[in-house]
Amino acid sequence: MATTPAAQPTGARPLHRPDEPPAGRPDAAPRWERPALAAVLVAAAVLYSWGIGHAALHPFYGAAIRSMAEGWRAFFFGGLDASGSITIDKLPGAFWPGAVCVWLFGPHTWAAALPQVVEGVLTVWLLHRIVRVWAGPLAALIAALALTLTPVTAALNRATIPDTALTLLLVAAAGALQKAVRTGRLLPLITCGVWVGLAFQAKMLQAWLVLPVFWLVYQLAAPGTPVRRALRSLLAGAVALVVSCSWTLLAWATPAADRPYLDGTTGNNPFALVFGYNGLSRFTGDSTAFGAVASTAASRTTGNTGWSMLVNHTVGPQIAWLLPLAAAAAVLGVVWRAGQPRTDALRAGFVLWGGWLVVHALVFSVSNGNHAYYTAVIAPALAALAGGGFALLRTEYEAGGRRRAVLPAAIVVTALWALVLDLPTGFVSWLLPVAVMLALCGAVGLWSRGPRTSPRMVNGALAAGVAATLVVPAGWALSTLDPLYAGASTSPMAGPVGNAYAEALHNHRTVVRVGLGRPSARDRALLSYLTEHRHGEQYLLATQAAYTAEPLLRAAPEPVLVMGGFTGNTPFPAARQLITLVTTHRLRYVLLTSRRPATADTAWVKSHCARVRPTAYGRHTDGSFKLYDCAPNS
């Protein structure tokens, strides 16, 4: 028989106030809840969409989105150019919404970035719903606000990077799991597996990190016999596996001649793309694991690794502001409710979000290197634990006894932790006194509660405490409204720790954003020259690696043969294929760069093709790029 949070045993304390209606009943919402939630969602929408017309599009992914909007082949397989000759080095699922928007609204930067904004706001709304059912209206509001104001979330939610879609889909999976545990029904558990499978389409193996946690929560807290719970878990896991591998199996079943070459692989195998290039090579010293392209692991090392990764001076200000509060909430939520029945939904929630946090922290600590924005997937867990933690501590505070001192202590510790994280940069040092004063007001107000203290005064002290924990990360999050503090397009980060900040200082505060349909003067001149001299060739030109092709692909949806893929090391096309393309008049021009390693293809071009002087297309110099004409009479 299903056990719900409303069926509390004698002596159990719910996480909502006695004078508040139970969570999960829309008709019982307190009067302040809907206006407050609306304000949070509006704030999230403004924060994530501000300046979206100049959003920081990832150069590689932005080019792919423009190309994927041009035809079904490039769309379905994630083709890097409009002809779909080679794919991007990821699964295409996360980029389908952006490609649809560009197809609908045209090649505008805001169209490519719009899905990220929508995904970010939906994640805030969905987390509110999930936490409300679990821990009550106040906890849900705090969680939604905390997620909105997480700096890395604010920076990421207007950049064309898969982590936003990954986070949304995993939060949806957590909500389905919570419903399955609460109701004992099978359909929500199957739905959880579907959401995890769709999250796999966004960022592959990272979506599976939550599966051990989901399995543990279901086994610990779901109703039914152990055998029934185990069988249902196996069924949901099978669903997750099938949905996860659906695109990979379709690509594998499609003849190689009928689909693009799969970037990042040495043998054009989709399983090598998923489990080698984007899998084992990130956790081992073997950069060619499972058929991956060589040297990819070394190229991804960023230095953000090891057990201190989440709190270092770069990553810490992006994500770790609520880490002490969240960790304490996860531990206390399990320990303090140890005497409750096995199906206690409140304890299960702390296990769910605490396990989510622990598993990701462990994996990030042992991987070869991580961009700071990878940690955005942890933000919902931190936000949920912060909201649930405040609700738990308030319940114990109002019950009296020795535990009542934990709430004001948690507020003070969290405010002091903000001082530690901001200290290396002093970025928002002017907000630190505000945080300290709010924390003192909240702590003193709570500690000094007496018989004559009104509930309104207690609520005011609690509000001051919540504000103390969020005011400093809010300063970092709001800084992303200035492109100077929004990080680089390839690595969105808030504050003065991103590449954009260093580049801006060097260039006298000039921040150049990558967009669609906005070619530079050099690229415009080159495209004009190539178009004028094109006489029926299949490809406008071939380029050495994606780095060379990206600005041209973002500017115009032309078929471009990207030799070597993202890294320049993918064995496509083979030298004989390149020669065949030239001799059959399907390719004439090749653009090489000194910034990528030489290959057999580039060696053949240099020895058999004629150099085109930059003055031919209106330039005095071509810098690190060299254009070659491979026509027989060139």
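This is a predicted model: local features need pLDDT of at least 70, side-chain atom pairs count only at pLDDT 80 or more; totals for chains, interfaces and linings use all residues.
Let's start with helix H6, residues 137-148. At 1.5 Å a residue, its 12 residues should span 16 Å, and the end C-alpha atoms sit 17 Å apart, which agrees. H6 is mostly covered, with 10 of its 12 residues buried. Among them are Pro 137, Leu 141, Ile 142, Leu 147 and Thr 148. What do these buried residues pack against? Their partners are helices H1 (33-49), H5 (109-135), H7 (151-156), H18 (379-399) and H21 (455-478).

The crossing is right-handed. On the H25 side you'll find Ala 575, Leu 578, Ile 579 and Val 582, which meet Ala 600, Asp 601, Trp 604 and Val 605 of H26. That contact divides into 7 nonpolar residues, no polar ones and 1 charged.

Now for the backbone. Most residues other than glycine have a negative phi, and most peptide bonds are trans. Against that background, the bond from Phe 572 to Pro 573 is cis, with omega near -10 degrees. Pro 573 lies in the loop between strand E4 (560-563) and H25.

Two residues have a positive phi. Ala 545, in helix H24 (residues 545-555), has phi near 75 degrees, and at 0% relative accessibility Ala 545 counts as buried. His 585, in the loop between H25 and strand E5 (589-593), has phi near 60 degrees. His 585 is exposed, at 52% relative accessible area.

Methods
Residues are numbered from 1 along each chain as its sequence is written. Side-chain values use heavy atoms; hydrogens and water are left out. Helices (H or I, at least four residues) and strands (E, at least two) are DSSP runs, numbered from the N terminus. The expected span of a helix is 1.5 Å times one less than its number of residues. Buried means under 20% relative accessible area, exposed over 50%, partly exposed in between (1.4 Å probe, protein chains only). Contact means heavy atoms within 4.5 Å. A crossing is left-handed if the near helix is turned anticlockwise from the far one by less than a right angle, and right-handed if clockwise. Ala, Val, Leu, Ile, Met, Phe, Trp, Tyr, Cys and Pro count as nonpolar, Asp, Glu, Lys and Arg as charged, and the others, Gly among them, as polar.
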